[in-house]
Amino acid sequence: MSAHDAIDVIRAKRDGVELTGDQIRWVIGAYTAGQVPDEQMSALLMSVFFRGMTPAELAAWTQAMIDSGVRKDLSSLGRPTADKHSTGGVGDKTTLPLAPLVAACGVAVPQLSGRGLGHTGGTLDKLEAIPGWRAALTEDKYLAQLRDVGAVVCAAGNDLAPADKLLYALRDVTGTVESIPLIASSIMSKKIAEGADALVLDVKTGSGAFMKDVESSRELARTMVGLGEAAGVRTVALVTAMDRPLGRSAGNAVEVAESLEVLAGGGPADLVELTLALAREMLTGAGSDADPADVLASGRAMDSWEAMIRAQGGDPDAPLPQPTERHVVTAPATGTLTRLDAFSLGVAAWRLGAGRARKEDPVSAAAGVVWHATVGEQVTAGQPLLELQTDDASRIERALQSLEGAVGVDTDDVPLPLVVDRITA
Ligand code: URA
């Protein structure tokens, strides 16, 4: 006979009664063990969606998710560790240059990452565009690579917050993803369990982000920073623009190519600026005063990248997959580009084959969108503005539909600053 009944927990939350830590630990544990069925957990999630969580409930919920698996201990590495998590955006490839850059500065980066779903890309999908590169690593290989190379980006194993895997899949099909306490506990349970000393959160805001407005992005950032600090992880969040996409490309191989430009000392200004801003936060959090701009200019970050890719079976010198079809969209007018809608471009890249609609779908390495100008820049009517890339010409029409209204010249839109806010404890 169990200590609690799921129905009592659901009724309490539904009626706005604060759940006890004991109730929360029980329900997360029992659901993960298959003793509470999906229909009861769905009802509880929907009650949380409408009622929210008190700080005490959120702390207990997050801890229960961490305790459903292991919390890794990286102290044997003998050097500081730091990680970054982005809430997901379009063209957001910062992890690719950032992880080797921070490693080249002497701070180890243990990044357990995910795949893309919907219009936002996934880091593992991008890296898999590199011939030979593998996302799965055994625990021993993971630790050895962290020690030898200083940076690992790989798939999370089943021992990392398994409750979140189950809950996230359930939220995805029950309309309960867009809840600040559920997003915060989902992200932070995994990141705390990962074991890094310091964590930097890149909370995206705007049409291409989970949180479309700045105030809810700030609230998500504050909630996550509070959870990280309470768990002993030095945590800072940057709230950053996702009203337009980041850099000049969205897709898989195209984003790897753009990241290589950054590592070689070039690349789009916004991507370089955000990569350096996040690197500085990670280094400061880990107690290092290295200057990432100097290290980037020295070429040492590129050396770390090559070592990181080779350690996971990839060939950093192999040509990246190229699309068989390209379709150019021209600028509609002459003037300042004031709108390049992140969500629309993300959906276009997804429809061209870069993303997946269901977890088990494959992605195309060569599909994506490249844009030749970004907001604030001058364009001339008729100049090539967007290039749609795919392996399947029949996808172009649907991608073009998603771009209706996505581009604006001299409109009233006011683009967000790249870094909108910095949130600390
Ligand atoms: N990413 C996660 O890992 N969890 C969420 O709930 C949302 C985004």
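Modeller: Happy to! Domain 2 and domain 3 bury about 1900 Å² between them, 58% of it on carbon and sulfur atoms; buried area here is the accessible area, taken with a 1.4 Å probe, that two parts lose on being put together, summed over both. In domain 2, the residues that lose the most area to domain 3 are His-119, Pro-245 and Arg-248, together 30% of what that side buries.

A word on the model itself. It is predicted, so local features need pLDDT of at least 70 and side-chain atom pairs count only at pLDDT 80 or more, while totals for chains, interfaces and linings use all residues. Residues are numbered from 1 along each chain as its sequence is written, and side-chain values use heavy atoms, with hydrogens and water left out.

Now for the layout. The protein is divided into domain 1 (6-52), domain 2 (75-157 + 167-317) and domain 3 (325-409), with bounds that come from an automatic or database domain assignment. The C-alpha centres of domain 2 and domain 3 lie 24 Å apart. Their contact (heavy atoms within 4.5 Å) takes 24 residues from domain 2 and 28 residues from domain 3.

Next come the polar links. Between domain 2 and domain 3 there are 12 residue pairs in polar contact, both residues at pLDDT 80 or more; a polar contact is a pair of N or O atoms within 3.5 Å, where within protein one must be able to donate a hydrogen and the other to accept it, and residues adjacent in sequence count only if both atoms are side-chain atoms. On the side of domain 2 that touches domain 3, strand S6 (249-251) and helix H11 (253-263) are the elements that give two or more residues, helices (H or I, at least four residues) and strands (E, at least two) being DSSP runs numbered from the N terminus. The largest share, three residues, comes from S6. That side of domain 2 divides into 10 nonpolar, nine polar and five charged residues, where Ala, Val, Leu, Ile, Met, Phe, Trp, Tyr, Cys and Pro count as nonpolar, Asp, Glu, Lys and Arg as charged, and the others, Gly among them, as polar.

Finally, the charges. Side chains of opposite charge can pair when their charged atoms come close. Two salt bridges cross the interface of domain 2 and domain 3, each a side-chain nitrogen of Lys or Arg within 4 Å of a carboxyl oxygen of Asp or Glu.
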